[in-house]
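Please consult the sequence and the structure shown below while reading.

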Amino acid sequence: MYILRSLAALAAAAWPLLVGAQALEKSQVHIAVGGKASLYYLPLTIAEQLGYFKDEGLSVDISDFAGGSQALRAVVGGSADVVSGAYEHTLNMQPKGQYLQCFVQQGRAPQIAIGLATARAKTYKSPRDLKGLKVGVSAPGSSTHMIVNYFISRDGLKPSDISVVGVGLGATAIAALKSGQIDAVSNTDPVMTKLEQDGDVKIIADTRTLKGTEQVLGGPMPAGCLYAPVDFIKKNPTTVQALTNAIVRADKWIHAASAQDVLRTVPESYLLGDKALYLFSFNKVKEAISTDGTISDVGAKTALRVIPSFNPEVKASEIKLGLTYTNEFVKRANAKYK
């Protein structure tokens, strides 16, 4: 009888562990990202490097593409489950019948700057002066492209008034500007800070800070987030919660960490061979990184105003904004990781 009672007690003690192990609908998750080394996606890298995904019982495979639009195509095509990418893609895809939803935020400002080659900057007066120029973006259709389109639309230009060139989000972007392949560049840090410090560009639009985002876009705007098809989120809520928990932990860690902590955590290859540059870049964009993963209602409305101004396919009155983001998972993650 004693042995039976002991076995029963052991079974009862093991039951919560078994439930936890079985709770994830999908323990192996494929995330697509465009330009993982960029500070724009720092929370994703921190969650990976510090083992936060593993802590949640997840085995995460991350595929890195040249830009966010390519990462988007991976999910739409079914080769990835989740995108670590820009929130505005959830708006852009609705008119195409693709319902994507952001469920945790990594950036609360786009962290993108537009720089004009120094030689051309001498005569620059307004966005209209970009007409006919070759502008480098991470990839056509990506967030870096979106910022350029909105910036020139404020001065009456159309997307077709410039020539867009995909240059990636790292050393290839720097080389393209320095070699004269492009006349201007829209990119993230540390690329833009490197070009600034080397005297290669003059910054003409900057969303790397909250104040700069207000000036360029007229309000706050969600940036990097994890998003997925609405059907995936409905079918895999526990898995989505685990992903959210990891990113929220990373967001919080970043804001509690020093620049040196970050430097020690990210892969050496992310530093572009210049630790001081990376430190400087991080300090510049730190405030643009989400503090707790929450997607701002006001920010979503800013995106709904900005995107239709240059993308006629997106009609604000027809967009179901509530389907583009949810804070349901973020609330639970913040309750767990206070």
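Strand 3 (residues 82-86) is mostly covered, with five of its five residues buried; buried denotes under 20% relative accessible area, exposed over 50%, and partly exposed the range in between, computed with a 1.4 Å probe on protein chains only. The model is predicted, so local features require pLDDT of at least 70 and side-chain atom pairs count only at pLDDT 80 or more, while totals for chains, interfaces and linings use all residues. Residues are numbered from 1 along each chain as its sequence is written, and side-chain values use heavy atoms, with hydrogens and water left out.

Helices (H or I, at least four residues) and strands (E, at least two) are DSSP runs numbered from the N terminus. Two strands are taken to pair if DSSP finds at least two bridges between them. The pairings are as follows.

| Strands | Sense | Bridges | Example of facing residues |
|---|---|---|---|
| Strand 1 (residues 28-34) and strand 3 | parallel | three bridges | Ala-32 and Val-83 |
| Strand 3 and strand 10 (residues 224-229) | antiparallel | four bridges | Ala-86 and Gly-224 |
| Strand 6 (residues 134-137) and strand 7 (residues 163-166) | parallel | four bridges | Gly-136 and Val-165 |
| Strand 6 and strand 8 (residues 184-188) | parallel | two bridges | Val-135 and Ala-184 |

Strand 6 is parallel both to strand 7 and to strand 8. Together with helix 7 (residues 143-153), strands 6 and 7 form a right-handed β-α-β unit. A crossover is called right-handed if, with the strands pointing away from the viewer, the path from the first strand over the helix to the second runs clockwise.

Ala-242 belongs to helix 12 (residues 237-256). This residue counts as buried because its relative accessibility is 3%. Leaving aside neighbours within four places in sequence, Ala-242 is in contact with Leu-24, Glu-56 and Leu-58, where contact means heavy atoms within 4.5 Å. The C-alpha atoms of Ala-242 and Lys-54 are separated by 9.5 Å, although these residues lie 188 residues apart along the chain.

Two cysteines may be considered next. Cys-102 is buried because its relative accessibility is 1%, and Cys-225 is likewise buried because its value is 1%. With a disulfide defined as a pair of cysteine sulfur atoms within 2.5 Å, the count of disulfides is zero.
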